[in-house]
Amino acid sequence: MSIFDALKAFGSTSVKVTCPECGFATQQPALKVRKNITLVCPKCGHYFLPKDK
C-alpha cells in the first residue's frame, strides 16, 4: 500500500452530518466536511456549512 492509496482511503470515508434546520441525519463525504463545503439537506433542501451548529 502506497501513501497515495492510504490518502484515497482516508478521503473516501464518510461522516454523519445532521441538518440544523430539520434534524435529518445523513452521511456526507469526509472531504466536504473537512473543507467546510456547503451541504444541502436531502430532506428539506436547506443549505448549510458543516461547522454550523
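1. Two strands count as paired if DSSP finds at least two bridges between them. Helices (H or I, at least four residues) and strands (E, at least two) are DSSP runs, numbered from the N terminus. By that rule strand S1 (residues 14-18) and strand S2 (residues 25-29) are paired over 5 bridges, in the antiparallel sense.

2. On sources: this is a predicted model, in which local features need pLDDT of at least 70 and side-chain atom pairs count only at pLDDT 80 or more, while totals for chains, interfaces and linings use all residues. Residues are numbered from 1 along each chain as its sequence is written, and side-chain values use heavy atoms, with hydrogens and water left out.

3. Overall layout. The protein has 2 helices and 4 strands, and from the N terminus on the order is α-β-β-α-β-β. Of its 53 residues, 19% are buried (buried means under 20% relative accessible area, exposed over 50%, partly exposed in between; 1.4 Å probe, protein chains only). The accessible surface is about 4,000 Å², and carbon and sulfur atoms hold 59% of that surface (Shrake-Rupley method, 1.4 Å probe; for residues, only the protein chains shown count as cover).

4. Contacts across the sequence. Contact means heavy atoms within 4.5 Å. Of the contacts between residues at least 6 apart in sequence, 14% join residues at least 24 apart.

5. The hairpin. S1 and S2 form a hairpin with 6 residues between them. Gly23, in the turn, has a positive phi of about 85 degrees.

6. Thr26 and Gln28 make up the covered face, whereas Ala25, Gln27 and Pro29 are on the uncovered one. Thr26 lies in this strand and is buried, because its relative accessible area is 17%. Leaving aside neighbours within four places in sequence, Thr26 contacts Val15, Lys16, Val17 and Pro42.

7. The core. The largest nonpolar core has 6 residues, namely Val17, Cys19, Val33, Leu39, Cys41 and Phe48 (a nonpolar core is a set of buried Ala, Val, Leu, Ile, Met, Phe, Trp, Tyr and Cys residues joined through side-chain atoms within 4.5 Å). Not counting residues up to four places away in sequence, Cys19 touches Phe24, Cys41, Cys44, His46 and Phe48.
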